[in-house]
Amino acid sequence: MSKKIVIVGGVAGGSTAAARLRRLDETAEIVMFDKGEYISYANCGLPYYIGGTIEDRKKLLVQTPEGMTARYNFDIRTLSEVTRIDRAKKSISVHDLKSGRTYEETYDQLILSPGARPIVPPIPGLNEAKALFTLRNIPDTDRIKSYVDEEKPSQAVVIGGGFIGVEMAENLSDLGMNVTLIEMANQIMPPLDYEMAAIVHQHLMNKGINLILNDGVKAFESNGTKVLTISGKEIATDLIILSIGVRPENELAVHAGLSVGTRGGIQVNEYLQTSDPSIYAIGDAIEVKCYINKQPTMIPLAWPANRQGRLVADNIYGKKTPYKGTLGTSIAKVFDYTVATTGNNEKTLKSLSIAYEVVHVHPGSHAGYYPNASPIALKLIFDKETGKIFGAQAVGKDGVDKRIDVIATAIKGGLTVLDLPDLELAYAPPYSSAKDPVNMAGYVASNIVEGMIETVQWHEIDAIVENGGTLIDVRTPSEFKNGFIKGAINLPVDELRSKLHELPQDEKIYVHCQVGLRGYIATRILRENGFEAVNLDGGYRTYELVRGEVASRIVI
């Protein structure tokens, strides 16, 4: 007897599950419901269609209902909202938005893939704002695109500095608008730690974005043509994009009595089953397990939804393949920069009281003697005792994606920082250096694990110097003149051996260079000569990126 499998919601998770189900069973009755008109589309491409980078709207449509039906023999019902689940009867209630009628549909197995919806807080004046939009699907995109093309706004405010908010700020700027980006936190792009986000802050401001941090929206006035912030700023605008995050579409699950987590995500086991064995859930609506720390979390990304879609089909047919958790690897284009992360950041590890160590390196994207090499700011977070990799972050103009992908693969493969120097990665001058940035990060981290060096972080060094600590800047005098840490003594690394007698032997000496390499060499010289020495991780460049960003914001 063939199975009847009902899927609620399409896009990445639901559509992938349906296609895999058909490949596993030609006889199954597969019914897909979606309250929207579009069953499979590239939602990650939506900002770029609005901005004009993607010119053909049809390219956003991965598959049409007609195309999927012809290829896979599905029963696809769009503009059909599932309003209720009757677990006892194993049926759902469906409201046909075209005809207005409501009917029942039975199932053997039910897959919930309803996704998530934008968070819209009750800000005063929100309902009266005539040009306020959220961006989650094709209809949202069409509304924004139509408004932009017809009204030709000159000023825009984007509220929320997550990946979508930043991408929208860039695309609206590319259309010639004067863009203000407002973020309540002290940084944009939450997967980044602050010093990495500071690089992006500076780049956005250099590109003409009016970046407002540590400030939220208090109200909208004059039908949404004026935005008031909590701090008292008033910003005139022709267009508002609200992008402060998403929450899971969990109403069906909650009303059906299925278990949900503290943040509203539908709870599933490792086989993606809910608290009802006949009902599965996937995608942005579910609570996942963090691959690194094993704690429940919400990570609404396309890769997990696609992977879960395939696995849920396998599990329905008895393959019993577990979903091992979400690593959270993500990437975004921010004007000329690429920003990518994988695994846990410092904020997450601190919140869970997990001990960790950090290294920052700033290698070139490829060999320096080959034209157009650019620096990559690469941060690696790991366990000092075991070398386990907790996460990584990178910002740069070129080569960022492949470095984060290598580290994400290393994490999934169970490699430690001690293994990273041993990775034999593709090298030719246009693409890398003989020691790839991933190798370099591994060497630095391995030195810490093996006790070859002790480091101090950018946010610690000022207090150390203020409290009387000795800081030696081992860069050249010309580098020192171009910017230095207050209280540092300039002593170039090549002169260090001849000046050892001038250094205090009864206290810890802190050392820094531009990016960390000469500082490491200087630290080894000092330690081999009986001194206790500590290197400033990431050197002056990491320190300056943060301090310079703070200084520029004070000017604003």
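Student: What do the side chains of Glu528 and Arg524 do?

Tutor: Keep in mind that this is a predicted model. In it, Glu528 and Arg524 form a salt bridge, with N to O at 2.9 Å.

Student: Where do those two sit relative to each other in helix H14?

Tutor: They are 4 residues apart in helix H14, so about one helical turn separates Glu528 and Arg524. In general, an α-helix has 3.6 residues a turn, so residues three or four places apart point the same way.

Student: And is Glu528 buried or exposed?

Tutor: Exposed, because its relative accessibility is 59% and the cut-off for exposed is over 50%.

Student: OK, how many salt bridges does the structure hold?

Tutor: There are 29. One of them pairs Arg20 with Asp314, where the closest N and O atoms are 2.7 Å apart.

Student: What about Glu454, which residue does it form a salt bridge with?

Tutor: Lys508, at 3.4 Å between the closest N and O atoms. Glu454 is in the loop between H11 and strand E29, and Lys508 is in the loop between strands E31 and E32, so the pair ties together parts 54 residues apart in sequence. Glu454 is partly exposed at 34% relative accessible area, and Lys508 also counts as partly exposed, at 26%.

Student: Switching to helix H5: how many of its residues are buried?

Tutor: 10 of its 12, so H5 is mostly covered. Among the buried ones are Phe163, Met168 and Leu172.

Student: What covers them?

Tutor: The cover includes helices H2 and H6, plus strands E12, E13, E18 and E24.

Student: How far does H5 reach, first C-alpha to last?

Tutor: It reaches 17 Å, close to the 16 Å expected. After the helix comes Gly176, with a positive phi near 95°.

Student: Last topic. How much space lies in the second largest pocket?

Tutor: About 440 Å³. The lining of that pocket has 22 residues, and Val361, Met440, Val444, Gly516 and Leu517 lie nearest its centre.

Student: Which element gives the largest share of that lining?

Tutor: H11, with 4 residues. By class, the second largest pocket is lined by 11 nonpolar, 8 polar and 3 charged residues.

Note on methods:
Residues are numbered from 1 along each chain as its sequence is written. This is a predicted model: local features need pLDDT of at least 70, side-chain atom pairs count only at pLDDT 80 or more; totals for chains, interfaces and linings use all residues. Side-chain values use heavy atoms; hydrogens and water are left out. The expected span of a helix is 1.5 Å times one less than its number of residues. Buried means under 20% relative accessible area, exposed over 50%, partly exposed in between (1.4 Å probe, protein chains only). Contact means heavy atoms within 4.5 Å. On a 1 Å grid over the protein atoms alone, a cavity is a set of points where a 1.4 Å probe fits but cannot get out, and a pocket is an open set with protein on both sides within 12 Å along at least five of seven lines; lining residues have an atom within 4 Å of a point. Grid points are joined across faces, edges and corners, and a volume is the space filled by probe spheres set on the points. Ala, Val, Leu, Ile, Met, Phe, Trp, Tyr, Cys and Pro count as nonpolar, Asp, Glu, Lys and Arg as charged, and the others, Gly among them, as polar. A salt bridge is a side-chain nitrogen of Lys or Arg within 4 Å of a carboxyl oxygen of Asp or Glu.
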